Amino acid sequence: MKNLKLFVFICFSLFFVACSTSSSDAITPVEDSFVPQFEIKINGVTTNYYLNTNIYKFENTFNIGYYPSTLLSFDKSGKFGNFCIELPTSNNNITRKYYSFKGFSSHYFNLNIESVDEVNKRVKGTFSGYIYADPLDLNSETKFVSGSFYQKYEELIPVIFGLKNSAKINGNDWFSVNKYATRSTSDYNKITQHDLYDDEYKIMVSYDLINTTVGTYNFTNSDLTNKIQLAKFDVQTGTFINYNCTGILNITYKYNKIVEGTYNFTAINPVTNEIVPVTNGNFKLVYTNAI
């Protein structure tokens, strides 16, 4: 009889737990209360342009807007890439683009990424700074932009994986968060990609779009192509100081407009004779267009 009572008690307990679990499962979950926010001010005046702009994540890079109409870019660690906005002019049929300055961008533009929620795919931040009609000319027409965002982002697959340029400058980690390309005025196929961090340094990869092949290149500063250069932005003059560079460039892959390689070199400041070692260089780039 004692065992029978125990058996009945256990069955009753299991039934009670099952009923409680079933009732709990029936509770309607709380809806997500997330409210997206996005605001831009130009010279202190709120603009209604770009209010419906989405945020996309390509590998480690976030883009507000989709190329070629990217409004703001930054990487996962919060390093600023670039800002570009197209605004109307007094002529309703004409618009004009304004850009963040490319050299030493963090000196002229402030970006604060407050949070990156990779579970719910949300990113929150604020930005402010001067933007220029010419991103390479501090004396061009300027406007002051500020704003904030708190939005969901969508992860997309890049057309080409692994585009990068990273190195150690004086032993400190450096990597590209923004870039642009230029062409030689004497040879259409001689390309230089300018890779920029948000600090004062710039690394330039020069190659021939047609004639550069896989191989090792010992370069000096006087070489016209197949070389790497270091430049440092001088805030006093608003220009880059190009260092005298000597080193080794290894082209490990070249197909169509994609070039991959590694490099190590020594850079010497022509003004102060400061010696800067650049090591562990590693890049993958694709040529798109030049400015």
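Buried means under 20% relative accessible area, exposed over 50%, and partly exposed in between, with a 1.4 Å probe and protein chains only. This is a predicted model: local features need pLDDT of at least 70, side-chain atom pairs count only at pLDDT 80 or more, and totals for chains, interfaces and linings use all residues. Residues are numbered from 1 along each chain as its sequence is written, and side-chain values use heavy atoms, leaving out hydrogens and water.

**Overall build**

The chain has two helices and 21 strands. Both are DSSP runs numbered from the N terminus: helices are H or I with at least four residues, strands are E with at least two. Of the 291 residues, 40% count as buried. Contact means heavy atoms within 4.5 Å. Among contacts between residues at least 6 apart in sequence, 53% join residues at least 24 apart.

**Aromatic pairs**

Rings of Phe, Tyr and Trp (its six-membered ring) pair if their centres lie within 6.5 Å; planes under 30 degrees apart count as stacked, over 60 as edge-to-face, and the rest as tilted. The whole structure holds 20 aromatic pairs. Two of them are tabulated here.

| Pair | Type | Centre to centre | Angle between planes |
|---|---|---|---|
| Phe 80 and Phe 109 | stacked | 4.6 Å | 10 degrees |
| Tyr 108 and Phe 233 | edge-to-face | 6.3 Å | 85 degrees |

Tyr 108 lies in helix 2 (residues 105–108) and Phe 233 in strand 17 (residues 227–234), so this pair ties together parts 125 residues apart in sequence. Tyr 108 and Phe 233 are buried. Phe 80 and Phe 109 are both buried as well. Ring pairs also link Phe 62, Phe 74, Phe 80, Phe 83, Phe 109, Phe 127, Phe 149 and Tyr 153 into a cluster.

**Charges over rings**

A charge sits over a ring if NZ of Lys or CZ of Arg is within 6 Å of the ring centre and within 35 degrees of the ring normal. The charged end of Arg 183 is placed over the ring of Tyr 188, 3.4 Å from its centre. Lys 202 lies over the face of Phe 240, at 4.2 Å from the ring centre.

Two strands pair if DSSP finds at least two bridges between them. Five strands form an open sheet in the order 13-14-15-17-18, with antiparallel pairing. Strand 13 (178–183) and strand 18 (239–242) are the edge strands, each pairing on one side only. Inside the sheet, strand 14 (residues 190–196) and strand 15 (residues 201–208) pair in the antiparallel sense over seven bridges. His 194 has Met 204, in strand 15, as its bridge partner.
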